[in-house]
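Let us walk through this structure step by step. Keep the sequence and the model in view as you read.

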Amino acid sequence: MPDPTAKSKRNDGRGAAAEPPDGVFVAGIGRLVRLSRAKRGMTRRQLAQESGASERYLAQIESGQGNPSVLILKSIAQALDVPIIELLPRANGRPAAMTHVLDVLARTPVAELPALAELIESHAARHVAADRARRIALVGLRGAGKSTLGRRLADELACPFIELDRLVEQDYGARIPDLIEIAGLATFRRYERACLERVIDEHDTAVIATAGGIVSDAETYALLLRRSHTVWVRASPDEHMKRVMEQGDFRPMAQNREAMADLVAILDARRADYARAQAELDTSGDTIECSFEKLRDLVKRWLDDKRDVARPSGRPIETGAGGH
């Protein structure tokens with residue numbers, strides 16, 4: 001792929017990338033490109049030929065002076081035969097062992113990956129019973145019934161009911177929409193993670209209702225799955241929308257005529273992550289009482305079973321069929 005900025009760079013020797021918006025991040029990209037190229041024994045000229053970027057531009061990228069576009073970075077990643085994400089710096093770094101695991105996975109034939117995933121999951125599951133203690137977490141889109149069912153379950157178990165969003169608001173003194181508008185979504189996600197860690201540290205027994213978007217932060221969601229018995233409380237899109245409006249929130253319809261299409265798109269985007277929960281409880285078309293009975297029976301089996309179980313092959317262990 002040709003370098004779209006090569007001409008301007010030849011003209012003045014600096015180009016727009018001479019003053020990157022985030023020097024540390026751009027320098028990190030350059031370091032990862034340089035290391036990946038060196039690891040594969042490629043010269044800069046070879047990488048230029050394979051990627052379509054000019055050799056001079058690659059030198060600027062590797063030195064931290066060039067701010068590559070997404071398309072340029074994609075062509076470089078393809079030339080290096082690495083996922084593009086491997087050329088993006090990680091805010092928290094990555095343990096050496098994780099890098100080793102990912103390298104092993106990259107060399108594993110695709111047909112063998114499911115069996116390897118099962119092996120890793122079964123190994124990790126040896127300690128989940130102790131890690132999860134008696135914590136129950138409810139995940140899913142707004143309007144599924146997480147708060148209603150969660151409060152009743154907490155009363156049944158005589159334990160705290162914790163809405164993670166409310167805890168964030170209490171700790172940081174702002175409503176979630178205001179917090180996101182002022183500080184940004186990434187800041188809110190950090191607060192959410194900190195509150196979840198505190199809940200886990202302070203409560204061996206609790207019912208936790210999470211925000212629907214918790215699955216968008218891979219590390220926070222992995223922590224939730226590892227340290228709690230997790231239920232995906234779900235409903236049909238029509239029921240989700242109906243319940244939100246019954247709660248007095250007319251914003252979806254008032255602000256977006258395509259609210260239903262947006263809701264379906266969000267659900268589709270998150271479905272695979274929600275499905276990683278230990279169980280699913282479909283509340284569509286059922287009464288609250290019926291849904292609660294199913295949830296109570298499900299949780300009782302978990303808490304009474306000292307062995308605990310890991311979720312196999314992406315399928316739910318328990319499913320509350322039908323309802324609410």
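Is Asp81 buried or exposed? Asp81 is exposed, because its relative accessible area is 69% and anything over 50% counts as exposed. One thing to keep in mind from the start: this is a predicted model.

Now place that residue. Asp81 sits in the loop between α5 and α6, the latter spanning 96-107. Its backbone deserves a look. The phi of Asp81 is near 60°, which is a positive value in a residue other than glycine. Most residues other than glycine have a negative phi.

Step back to the whole chain. The secondary structure comes to 17 helices and six strands. The chain has 324 residues, and buried residues make up 38% of them.

Helix α3 covers residues 44-51, and helix α5 covers residues 70-80. Their axes come within 8 Å and cross at roughly 115°. That makes α3 roughly perpendicular to α5. The crossing is right-handed. On the α3 side, Leu47, Glu50 and Ser51 make the contact. On the α5 side, the partners are Ser75, Ile76, Ala79 and Leu80.

Helix α3 has another partner, helix α4, which spans residues 55-62. Here the axes are 9 Å apart, and the packing angle is about 110°. So α3 is roughly perpendicular to α4. Here too, α3 passes α4 in a right-handed crossing. Arg44, Arg45, Leu47, Ala48 and Ser51 of α3 take part in this contact. From α4 come Glu55, Leu58, Ala59 and Glu62. Look at Leu47 and Ser51: they belong to the contact with α5 and also to the contact with α4.

Move on to α9, at 146-157. This helix has twelve residues. From its first C-alpha to its last, α9 reaches 16 Å, close to the 16 Å expected at 1.5 Å a residue. Which residues of α9 are buried? They are Lys146, Leu149, Gly150, Leu153 and Ala154. These residues cover an arc of only 135° around the axis, so they lie on the same side of α9. What do they pack against? The buried residues of α9 meet β1, β2, β3, β4 (229-234), β5 and α17.

Just after α9 comes Ala158, with a positive phi of about 55°. Ala158 is in the loop that leads from α9 to β2 (161-163). Ala158 counts as exposed because its relative accessibility is 71%. Asp81 was exposed too, at 69%.

Next is α12, residues 185-202. It has 18 residues and reaches 26 Å from its first C-alpha to its last. That is close to the 26 Å expected at 1.5 Å a residue. Its buried residues are Thr187, Phe188, Arg189, Glu192, Cys195, Leu196, Val199 and Ile200. What covers them? The cover includes strands β1 (134-139), β2 and β3 (205-209). It also includes helices α10 (164-172), α11 (176-183) and α13 (218-227).

Tyr274 belongs to helix α16, residues 259-274. Tyr274 is buried, with a relative accessible area of 0%. Tyr221 is 53 residues away along the chain, yet the two C-alpha atoms are separated by 9.6 Å. Leave aside residues up to four places away in sequence. Tyr274 then touches Val139, Gly140, Leu141, Gly212, Val215, Tyr221, Trp232 and Leu267.

Ala279 is in strand β5, residues 279-282. Ala279 is buried as well, with a relative accessible area of 0%. The C-alpha atoms of Ala279 and His229 are 8.5 Å apart, although 50 residues separate the pair along the chain.

End with α17, residues 288-304. This helix has 17 residues and reaches 24 Å from its first C-alpha to its last, close to the 24 Å expected at 1.5 Å a residue. Ser291, Phe292, Leu295, Leu298, Val299, Trp302 and Leu303 are its buried residues. Seen down the axis of α17, they fall within an arc of 130°, so they line one face of the helix. Recall that α17 is one of the elements packed against the buried residues of α9.

Technical notes. Residues numbered from 1 in each chain as written. Predicted model: local features only at pLDDT ≥ 70, side-chain atom pairs only at ≥ 80, totals over all residues. Heavy atoms only, no water. Helix = DSSP H or I, 4+ residues; strand = E, 2+ residues; numbered from the N terminus. Expected span 1.5 Å × (residues − 1). Buried < 20%, exposed > 50% of the residue type's maximum accessible area, 1.4 Å probe, protein only. Arc of directions from axis to C-beta. Axes fitted to C-alpha atoms, helices over the stretch in contact; angles between N-to-C directions. Parallel < 35°, antiparallel > 145°, perpendicular 65-115°, else oblique. Left-handed = near helix turned anticlockwise from the far one by under 90°. Contact = heavy atoms within 4.5 Å.
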